[in-house]
Amino acid sequence: MRFNTLYIIGFCLLLTNCKNDKVSEVIEETPEQKEARIISQKDIESFRYADFELSPDSRKAAADWQKYQELNTQIELLKKADLSFFNGDLLLLKTFLTELRTEMPESLKTNEINARITALDTKAQKLNSLLSIPNISKEDRLQGIKELLITVSNLNLQINKKFEFEKNNVFKPQ
């Protein structure tokens, strides 16, 4: 008797919960809303940070470093709001960054430069995840782009410092 009552109550609950006549509305974005989410070259140009380039000595040392040259090309495209490299497949980005580290010329292999490449790796992967997830705000994406640009600038600064110290015969005490 109890089981029959429980079955009837359960069946009634099932019937009342299954009846869902609510119509879900599809909310479409207006062109203005879509435009507000797109990152433009003007947005990236508005960043304020110290953008260091390589000195002549540093350029000479990095001339044969193919992955570094490719990184500079991708950074220039990023500054023009072409996000395709950093928005692409994460595995390709990780492979590129690993090759950047392994193909580094011996004259540049220092702990300081390796630390900057590690920071670059972290910021590039963070930017990839920010650009890959569609519901991340434009401000967060722009902040990720700015952090990556600063990291590349810091890498250039560290390479310049290495050659400046060598040129001035500044040695660290042992």
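**Notebook: salt bridges, a helix pair and the core**

I started with lysine 123, which forms a salt bridge with glutamate 147, the closest N and O atoms being 3.4 Å apart. My cut-off for a salt bridge is a side-chain nitrogen of Lys or Arg within 4 Å of a carboxyl oxygen of Asp or Glu. Lysine 123 lies in helix α8 and glutamate 147 in helix α9, so this pair ties together parts that are 24 residues apart in sequence. Helices here are DSSP runs (H or I, at least four residues), numbered from the N terminus.

A note on the source: this is a predicted model, where local features need pLDDT of at least 70 and side-chain atom pairs count only at pLDDT 80 or more, while totals for chains, interfaces and linings use all residues. Residues are numbered from 1 along each chain as its sequence is written, and side-chain values use heavy atoms, with hydrogens and water left out.

Next I looked up accessibility. Lysine 123 is partly exposed at 25% relative accessible area, and glutamate 147 is buried at 17%. Buried means under 20%, exposed over 50%, and partly exposed in between (1.4 Å probe, protein chains only).

I searched the whole structure and found nine salt bridges. One of them joins glutamate 166 to lysine 162, with the closest N and O atoms 2.1 Å apart. Both lie in helix α9, four residues apart, about one turn of the helix. Lysine 162 is buried at 14%; glutamate 166 is partly exposed at 43%. Salt bridges that share partners also join Asp51, Glu76 and Lys79 into one network.

Then I turned to helix packing. The axes of α7 (residues 90-102) and α8 (residues 111-132) come within 10 Å and cross at roughly 170°. I take axes as lines fitted to C-alpha atoms over the stretch in contact, with angles from 0 to 180 degrees between N-to-C directions. That makes α7 roughly antiparallel to α8, a label for angles over 145 degrees.

Last, the core. Which residues have the most contacts inside the largest nonpolar core? They are Trp65, Tyr68, Phe86, Leu108, Ile145 and Ile159, in a core of 33 residues. Such a core is a set of buried Ala, Val, Leu, Ile, Met, Phe, Trp, Tyr and Cys residues joined through side-chain atoms within 4.5 Å. Its largest share, eight residues, comes from α9.

Terms used. Helix = DSSP H or I, 4+ residues; strand = E, 2+ residues; numbered from the N terminus. Parallel < 35°, antiparallel > 145°, perpendicular 65-115°, else oblique.
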